[in-house]
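Please keep the sequence and the model in view while going through the numbered points.

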Amino acid sequence: MNPSQTKKETSPLFLSLPDDIILTCLARISRSYYPKLVLVCKKFRSLIVSKELIDARIHLDTHETVFQVRLKLPKDQFPSWYTLWIKPGQILTNQLEEKKTTSNKNIRLVEIPSSCYSYVPSRIRWPGSEMYGISLSSSPSSIMEFLNIETGLWRKAPNMRVAREKAIANILDGKIYVMGGAGADESVNWGEVFDPKTQTWESLHDPGAEHRFSSIRKIGLIEGKIYVLSNEEWDSVYDPKEGKWDVTRRSCVHCIIDDVWYHYGQESCFWYDTNSNQWRMVRGLATFNENCGYRMIDITNYNGKLLILWEEHASFLLKDIWCAVIALERRNGNDEVWGNIEWASIVLTVPISSVFLCGRGFES
């Protein structure tokens with residue numbers, strides 16, 4: 001089925017099929033086509049945003065790595081979500097080396113229609129065969145669910161103490177920390193923590209107004225502390241052992257891949273060597289470092305590879321958002337990490353006053 005022609009070719013007979021058969025068909029199609037498929041009919045729209053489709057993709061082992069960003073454009077009243085769309089079957093190239101300054105139609109950040117958004121959950125990967133998920137819809141929700149990867153079955157987990165809208169979560173020392181999105185209750189319930197062993201929630205200490213941010217980009221974990229990255233000049237840091245909050249200068253963007261920390265700062269990519277307790281440069285990225293703008297937006301784990309997002313001025317009124325995917329290799333007895341650029345491209349051009357709010361990568 002060619003998604004660009006589905007509206008013309010979808011027949012009443014196909015739509016009259018049982019939902020489980022249609023779900024099986026939809027589960028075999030790349031998620032990159034879903035924004036188009038939700039426009040076909042109401043039935044497709046309801047199935048694409050359903051939890052049953054997620055279960056079907058897990059059962060068929062067709063889940064994919066997804067990367068999305070949330071942008072606020074000056075013409076829009078509210079921020080919008082965009083998903084990284086890669087045309088299937090394309091050979092991707094490194095446009096940094098080719099010195100290209102135009103976007104590649106085969107790789108783009110595509111806006112997610114509001115009718116398609118609710119199928120996107122926030123998944124918190126757990127070591128082993130478990131996964132937890134919290135809602136990322138525009139409506140506040142306290143619901144958290146638990147998924148057993150082996151059986152593909154979801155069940156309700158204990159609700160959060162307060163309903164949250166687009167909260168951010170991460171795992172530290174076997175516990176799930178959730179922050180933000182509490183609205184009027186933020187002074188009391190800005191953050192809370194869930195212990196899977198006891199299946200209970202506890203509120204975190206109030207960080208105070210100077211530590212609470214209305215816009216959270218992500219939660220990072222470094223050396224046993226939780227760094228809450230914001231879009232402001234300062235970030236918050238929480239020490240679970242001391243139960244204390246502090247402020248720190250805005251952290252460089254970072255992520256973790258195969259238990260190794262990576263970050264991009266000072267115009268180079270670094271990894272954290274736990275043997276020597278120091279940050280070391282990722283080798284093999286001289287061309288990337290020379291061409292990559294310093295205005296780094298995000299860095300994340302993309303199917304075991306580094307996905308790096310940054311912006312460069314295209315003119316006085318516009319800026320380009322660039323994206324690159326870098327494969328990683330350990331060499332010299334694991335004492336070195338080498339990177340190889342699999343592809344790099346301009347994925348979106350936006351007004352220069354547009355604001356990046358957050359990004360996330362997950363399997364779905």
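The points below move from the whole chain to its strands, turns, surface and charged pairs.

1. **The model as a whole.** The structure is a predicted model. The protein chain contains ten helices and 24 strands. Of its 364 residues, 49% are buried. The accessible surface of the protein chain is about 18300 Å², and carbon and sulfur atoms account for 49% of that area. Among contacts between residues at least 6 apart in sequence, 52% join residues at least 24 apart.

2. Strand S13 covers residues 225-230. Because five of its six residues are buried, S13 is largely enclosed by the rest of the structure. Residues count as buried here when their relative accessible area is under 20%.

3. **The partners of S13.** Strand S12 (residues 216-222) pairs with S13 in the antiparallel sense over six bridges. Within this pairing, Gly 220 has Tyr 227 of S13 as its bridge partner. S13 also pairs with strand S14 (residues 234-239), again in the antiparallel sense, over three bridges. There, Val 228 has Ser 236 of S14 as its bridge partner.

4. **Positive phi in turns and loops.** Most residues other than glycine have a negative phi. S12 and S13 form a hairpin with two residues between them, and Glu 223 in the turn has a positive phi of about 50°. Asp 173, in the loop between strand S8 (168-172) and strand S9 (175-179), has a positive phi near 50°. Asn 303 has a positive phi near 55° and lies in the loop between strand S20 (296-302) and strand S21 (305-313).

5. **Accessibility of two of these residues.** Are Asp 173 and Asn 303 buried or exposed? The cut-off for exposed is over 50% relative accessible area. Asp 173 counts as exposed because its relative accessibility is 66%. Asn 303, at 55%, therefore counts as exposed as well.

6. **A four-stranded open sheet.** Which order do the strands of the open sheet follow? The order is S20-S21-S22-S23, and the pairing is antiparallel. S20 and strand S23 (336-351) are the edge strands, each pairing on one side only. Neighbouring strands of this sheet are turned by 20° against each other on average, direction ignored. S22 and S23 run antiparallel and are joined by 14 bridges. Val 325 stands opposite Trp 343 in S23.

7. **A nonpolar surface patch.** Phe 316, Leu 317 and Leu 318 form a nonpolar patch on the surface, with about 400 Å² of accessible area together. Phe 316 lies in the loop between S21 and strand S22 (318-331). Its relative accessible area is 81%, so Phe 316 is exposed.

8. Side chains of opposite charge can pair when their charged atoms come close. The count for this model is seven salt bridges. One of them joins Glu 192 to Arg 164, with the closest N and O atoms 2.9 Å apart. This pair links distant parts of the chain: Glu 192 is in strand S10 (residues 191-195), whereas Arg 164 is in the loop between strand S7 (153-157) and S8, 28 residues apart. Glu 192 is buried, because its relative accessible area is 1%. Arg 164 has a relative accessible area of 2% and is therefore buried too.

9. **Two further salt bridges.** Arg 280 forms a salt bridge with Asp 273, and their closest N and O atoms are 2.9 Å apart. Arg 280 is partly exposed, with a relative accessible area of 25%, whereas Asp 273 is buried at 5%. Glu 336 forms a salt bridge with Arg 283, the closest N and O atoms being 3.7 Å apart. Glu 336 is in strand S23 and Arg 283 is in the loop between strand S19 (278-281) and helix H10 (286-291), so that the pair links distant parts of the chain, 53 residues apart. Glu 336 counts as buried at 18% relative accessibility, and Arg 283 is partly exposed at 40%.

Note on methods:
Residues numbered from 1 in each chain as written. Predicted model: local features only at pLDDT ≥ 70, side-chain atom pairs only at ≥ 80, totals over all residues. Heavy atoms only, no water. Buried < 20%, exposed > 50% of the residue type's maximum accessible area, 1.4 Å probe, protein only. Pairing = 2+ DSSP bridges. Contact = heavy atoms within 4.5 Å. Areas by Shrake-Rupley, 256 points an atom, 1.4 Å probe, with all protein chains shown as cover. Patch = residues over 30% accessible without salt bridge, like charges linked within 9 Å, V, L, I, M, F, W, Y side chains within 5 Å. Salt bridge = Lys/Arg side-chain N within 4 Å of Asp/Glu carboxyl O. Axes fitted to C-alpha atoms, helices over the stretch in contact; angles between N-to-C directions.
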